[in-house]
Amino acid sequence: MFRLEPRGERSAFWTFSSPVLAVLLTIITMGVIFAVMGAPPLTGIETFLISPLLTVSGLSSLAVRAAPLIMIGVGLAFCYRANVWNIGGDGQFTLGALAGAGLALFFPNEAFWWFYPVVLIAGVLGGMFWAGIVAVLKLRFNANEILTSLMLVYIAQLVLVWLVTGPWRDPQGFGFPQSAMFSAGATTPNIFGTTMHLGCILAPLIAIAIWQIMGRSVLGFQLRVVGQAPRAARYAGFSNAKLTWIALLVSGGLSGLAGIIEVTGPIGQLTTTITPGYGFTAVIVAFLGRLHPIGVIFAGLLLALSYLGGDAAQINLNLPNAITGIFQGVLLFYLLGADILILYRLKRVRPVVKATVLTPEPAE
Amino acid sequence: MIEPAQVPSPRQPLLALRGIVKQFPGCLANDHVDLTVGRNEIHALLGENGAGKSTLVKIIYGVMKPDAGTITWDGRDVTIANPAQARALGVGMVFQHFSLFEALTVAENIALGINNAADRVGLNDRIVDISTKYGLPLDPDRAVHDLSVGERQRIEIVRCLLQNPKLLIMDEPTSVLTPQEVFKLFETLRRLAAEGCSILYISHKLEEIRALCERATIMRLGKVVAHCTPAQKTARELAELMISATLKQQDFRQRTGRAPVPRLVLDRLTIRSNQQFGTDLKDISFSVAGGEILGIAGIAGNGQSELMDALSGEIPAGSPKNILLDGAQIGHEGPRERRRRGACFLPEERNGHGAVGMMTLAENGFLSANVRAVLNRLGLIDRKRTRDFAAGVIKRFDVRTTGPEAEARALSGGNLQKFLIGREVVQNPSVLMLSQPTWGVDAGAAAAIYEALVALAELGTAIVIISQDLDEILLLCDRIAVIAAGRVSPPMPVKDATIEQIGLLMGGGTQVESEAEHVPA
């Protein structure tokens with residue numbers, strides 16, 4: 001028999017070991033799932049987790065998939081540190097893509113050197129706008145940001161579908177629900193002659209910048225205080241409203257940036273599905289990375305691998321693409337489970353009863 | 001296996017601890033501690049905060065396990081693995097901090113502690129029986145949030161007594177009571193002891209122990225330094241056993257004349273509490289002059305935390321005119337603006353309010369001192385200045401720690417409090433407002449804090465101290481006011497105040513109300 005016993009403090013060891021344990025347990029579970037689905041477990045794991053890393057094109061695909069996850073994940077980690085639970089990264093991603101793409105579609109003949117940065121900024125502002133709605137609802141009406149940000153994801157998705165099937169549909173697109181391709185002036189450049197693009201460089205740079213802001217700036221300090229001890233933040237005179245705004249605008253802006261880079265880069269146009277749930281996967285990325293920007297980089301790479309692995313499992317093993325979602329879900333499940341060890345320890349309960357001690361005294 | 005029932009001989013002690021050792025990281029909390037509690041005895045466990053008293057009783061109550069040593073109960077060696085086992089043996093404990101659900105009734109709260117459904121039958125009657133028998137009047141159907149702290153303590157005591165304990169452990173029971181309530185509690189405890197329930201009474205209040213306890217075990221720095229009969233010692237002798245150095249008899253009140261101009265004025269301050277069961281502040285007026293120390297006494301939960309929040313600006317006042325700082329109307333301003341004007345403050349709760357436990361001392365210094373000491377540059381934390389600031393406080397206030405990079409939670413309560421008070425004092429405030437400045441602080445640290453406050457007053461700072469420790473207020477303050485049910489009595493000079501008068505005011509007595517001057521002079 002085992003029992004959970006409070007430690008009384010956070011275990012530093014398990015704060016960092018729990019993601020490792022979660023990943024190991026996830027891999028074992030995936031083996032079982034592969035076996036149940038009729039694929040040899042070891043081959044399945046090899047196909048899913050290792051084969052995508054063995055080729056240069058595989059590695060550059062990994063970077064391409066990881067870039068949006070890291071950008072959104074870093075923003076979410078920043079936000080979660082302040083105890084603001086934005087889970088609407090996907091919606092802010094979509095709005096960022098729409099804002100930048102709208103600009104790119106209406107001005108198809110501009111020069112890259114000035115127009116591309118403007119498109120990116122529009123993307124950031126689009127994401128900020130969508131997250132700003134969450135901030136207003138939270139601060140003005142005390143509406144729970146988890147619910148509002150999630151609901152705004154679906155609204156953003158519907159706006160996207162409406163635009164690409166209606167006003168922004170490509171007139172030369174044979175009626176497909178997609179926009180025109182973006183002009184060269186609004187296209188994210190590839191780098192190193194691979195499929196990798198500018199975002200693959202930007203993402204780790206942003207992570208490092210956010211890391212520095214959180215650790216060194218007065219603003220980052222205020223966010224950490226408000227997240228760890230809201231009363232101490234009040235005592236210090238930090239404005240909760242201002243910090244909530246900043247947390248949401250930063251995470252929304254970074255999601256928006258990821259969105260505009262994704263559509264102007266790998267996708268090249270607006271379609272009805274511009275995100276395979278990056279905004280939700282980034283929630284796992286943020287927690288797996290321990291809400292630390294550098295941890296988020298590694299977590300982003302691992303979760304990006306799950307997308308590639310899903311493709312590989314589909315192609316090579318005839319397994320459904322849903323395997324990616326299963327991997328992510330199982331990983332989050334184990335991570336939340338293993339995180340209990342940060343505050344509790346497993347204790348073996350010995351079924352020995354000291355009968356003599358517990359025997360009640362005869363009445364006096 | 002059942003041992004043959006042995007008739008407990010009256011000479012055999014009820015509880016004997018021998019050679020108890022408990023090591024915490026970096027601190028030997030109990031160093032071969034011996035303690036013997038006899039039958040029918042009221043035994044004092046005396047010591048400063050941090051002397052190891054709490055650790056010892058947690059071992060007796062099964063909350064912690066000793067690293068070494070034996071526990072003998074009724075003549076038999078026992079190991080107490082958990083509180084349930086301790087209760088089965090007949091140990092009851094009333095903790096300093098109550099664990100009651102405010103929204104539930106007295107009976108419901110007591111029922112929650114009873115696992116066996118059969119034992120809950122007729123609970124109300126038994127509560128009434130026990131509470132009348134021992135002079136602990138309680139209405140089982142009242143909701144807890146309506147009750148005073150004294151009444152809440154009675155719930156905890158009755159909860160223990162329902163289990164017919166042979167030993168009742170009381171941890172600092174009088175810190176929340178009025179003098180009158182203390183008197184009643186002592187009657188109850190004496191009666192219990194006479195009827196066969198021994199009492200282990202933990203306190204650092206010497207006069208109480210002399211009045212109540214037959215024997216005392218005195219601890220210092222984890223060791224037992226003396227066993228004695230308290231009635232045969234003077235309070236001063238006991239205190240000297242408790243702290244190593246000989247007490248300096250200091251009268252902090254003898255200071256040079258104060259500036260006649262009030263620096264802080266509260267004018268008809270009325271505030272609604274932001275807590276569900278908090279206390280609203282009603283029509284509070286007083287003023288404090290430069291160089292003056294005003295003490296605000298009162299029993300916990302009478303609006304102290306709301307008053308502190310109002311003084312710091314965490315809850316803004318209804319109108320700017322409600323609070324004046326050096327003549328400026330600041331009622332509407334928040335903590336940062338008030339700091340900029342020269343006010344400093346420290347709330348009662350250290351963890352998570354006055355300080356952030358998971359952050360370093362340097363960061364905790366930055367928390368409140370950045371405004372006045374400017375510890376940032378271009379929006380970035382100036383790490384050198386921040387570290388130097390914390391190091392300066394650590395040095396000047398003799399904070400025992402590894403340095404500015406130590407996490408606040410790693411410090412003992414007294415050391416952290418010295419750091420936090422120091423953090424405010426070195427900012428040279430024009431008005432300093434503190435709540436419970438020496439709560440959980442040992443006598444040595446308290447003396448250092450008092451000295452720093454007096455020195456600050458000498459420089460012309462107006463100081464407000466909200467405290468439940470009447471001795472502290474009488475020792476330190478020029479004038480005293482009492483907060484009860486969200487109202488503050490008109491301040492009176494400490495030298496004219498009597499304990500009876502203050503006790504009545506603390507209990508919400510209105511005797512002085514008619515003489516109240518509503519606008520401060």
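Colleague: Which residue takes a positive phi just after helix H12 of chain A?
Modeller: This is a predicted model in which local features need pLDDT of at least 70 and side-chain atom pairs count only at pLDDT 80 or more, while totals for chains, interfaces and linings use all residues. Residues are numbered from 1 along each chain as its sequence is written, with chains lettered from A and ligands numbered from 1 in the order in which they are written. Helices (H or I, at least four residues) and strands (E, at least two) are DSSP runs numbered from the N terminus. Just after H12(A), a positive phi of about 60 degrees is taken by A:Asn318.

Colleague: How far apart are the end C-alpha atoms of H12(A), and why does that agree with its length?
Modeller: The expected span of a helix is 1.5 Å times one less than its number of residues. Helix H12 of chain A covers residues 293-317, so its 25 residues should span 36 Å. The distance between its end C-alpha atoms agrees with that, being 35 Å.

Colleague: Is A:Gly73 buried or exposed?
Modeller: A residue is buried if 20 or more other C-beta atoms lie within 10 Å of its own, exposed if 12 or fewer, and partly exposed in between. A:Gly73, found in helix H3 (residues 56-81) of chain A, touches residues including A:Ala282 and A:Val285, as well as A:Val296 and A:Gly300, not counting residues up to four places away in sequence. With 37 other C-beta atoms within 10 Å, A:Gly73 is therefore buried.

Colleague: How far apart are the axes of H4(A) and H11(A)?
Modeller: Helix H4 (residues 89-106) of chain A packs on H11(A) at an angle of about 135 degrees, which makes H4(A) oblique to H11(A). Among the residues that meet are A:Gly89 and A:Phe93 in H4(A), with A:Tyr278 and A:Ala282 among those in H11(A). The axes are apart by 6 Å.

Colleague: Which strands are at the edges of the six-stranded sheet of chain B?
Modeller: Two strands pair if DSSP finds at least two bridges between them. The sheet is open, with mixed pairing and the order E6-E7-E8-E3-E9-E10. Within it, strand E3 (residues 42-47) and strand E9 (residues 215-220) run parallel and are joined by five bridges, B:Ala44 standing opposite B:Ala216. The edge strands, each pairing on one side only, are E6 (91-94) and E10 (223-228).

Colleague: Which residue of E12(B) stands opposite B:Leu264?
Modeller: Four strands of chain B form an open antiparallel sheet in the order E12-E11-E14-E15; strands E12 (281-289) and E15 (328-329) stand at its edges with a single partner each, so one side of each is left without a neighbour in the sheet. Strand E11 (residues 262-271) of chain B and E12(B) pair over six bridges. Opposite B:Leu264 stands B:Val288.

Colleague: Is B:Leu378, which has a positive phi, buried or exposed?
Modeller: Most residues other than glycine have a negative phi. B:Leu378 is not a glycine, yet its phi is about 55 degrees, and the residue is found in the loop between strand E17 (376-377) and strand E18 (380-381) of chain B. Because B:Leu378 has 7 C-beta neighbours inside 10 Å, it counts as exposed.

Definitions and conventions: Two residues are in contact if their C-beta atoms, placed from the backbone, lie within 7 Å. Axes are lines fitted to C-alpha atoms, for helices over the stretch in contact, and angles run from 0 to 180 degrees between N-to-C directions. Angles under 35 degrees count as roughly parallel, over 145 as roughly antiparallel, 65 to 115 as roughly perpendicular and the rest as oblique.
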